[in-house]
Amino acid sequence: MVVFFKKDNCLYKACPLPDSNYKVVEAGEGVYRCEKLDRTFDSFKWRFVLQLHVADYSGEQWISCFNESAESLLGKPSEEIGNLKETNESAFDRVFNDATFKLYNFRLRVKMETYNDEQRIKCTCVGLTPLNFRQESLSLMEEIKRLEAMKRLEAM
């Protein structure tokens, strides 16, 4: 379940080239500079680096969602949410409020990192699907039947 989103730095302005996700900085009125590519552009594209707090019965964890998984989670493209951030703050907040306390199956990449001589777990979302209660129930019932059959075999 999604408990909380960090909204303040969830979007950044990126290079408009199709295969580039590099950050751009404003270099004047309507001009954006990509330091990595050493090029300037007259436009940019919005990209997500979304930090969210998730929890279930076993605990809680902060995870990072990048563009594709964040768009799937919020149900809107980053371009639309970026425009809302600049033009309509209440609609921007509503997008996040609507996605809070929803249940998902998250697929995470987890790795241990060291930062300032302290080890931390870094979790990144690589995929997510809304929880399908019917499918999950059927799966659990099948698992129960399988365990009962094993128990009967052991009793023989």
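Begin by selecting Cys 15 and Cys 34: the sulfur of Cys 15 has its closest cysteine sulfur in Cys 34, 4.0 Å away, which is too far for a bond. A disulfide would need the two sulfur atoms within 2.5 Å. The model is a predicted one. Stay on Cys 15 and show the surface: its relative accessibility is 0%, so Cys 15 counts as buried.

Under that cut-off the number of disulfides is zero. Select Cys 10 next, which takes part in no disulfide; the nearest cysteine sulfur belongs to Cys 65 and lies 11 Å away. Is Cys 10 buried or exposed? With 1% relative accessibility, Cys 10 counts as buried.

To see a facing pair, pick Tyr 32, which stands opposite Phe 41 in strand 5.

Go on to the helices. Select 78-87 for helix 2 and 89-99 for helix 3; their axes come within 6 Å and cross at roughly 135 degrees. That angle makes helix 2 oblique to helix 3. Which residues make the contact? Show side chains for Ile 81, Leu 84, Lys 85 and Thr 87 on helix 2, then for Glu 89, Ala 91, Phe 92, Val 95 and Phe 96 on helix 3. Coloured by class, the residues of this contact are six nonpolar, one polar and two charged.

The last stop is the pair of strands 8 and 9. Select 104-115 for strand 8 and 118-130 for strand 9: the two run antiparallel and are joined by twelve bridges. Within this pairing, select Arg 109 and find its bridge partner in strand 9, Thr 124. Then follow the chain to the turn, where two residues lie between strand 8 and strand 9 and the strands form a hairpin. Which residue in the turn has a positive phi? Centre on Asn 116, whose phi is about 55 degrees.

Conventions. Residues are numbered from 1 along each chain as its sequence is written. This is a predicted model: local features need pLDDT of at least 70, side-chain atom pairs count only at pLDDT 80 or more; totals for chains, interfaces and linings use all residues. Side-chain values use heavy atoms; hydrogens and water are left out. Axes are lines fitted to C-alpha atoms, for helices over the stretch in contact, and angles run from 0 to 180 degrees between N-to-C directions. Helices (H or I, at least four residues) and strands (E, at least two) are DSSP runs, numbered from the N terminus. Angles under 35 degrees count as roughly parallel, over 145 as roughly antiparallel, 65 to 115 as roughly perpendicular and the rest as oblique. Contact means heavy atoms within 4.5 Å. Ala, Val, Leu, Ile, Met, Phe, Trp, Tyr, Cys and Pro count as nonpolar, Asp, Glu, Lys and Arg as charged, and the others, Gly among them, as polar. Two strands pair if DSSP finds at least two bridges between them. Buried means under 20% relative accessible area, exposed over 50%, partly exposed in between (1.4 Å probe, protein chains only).
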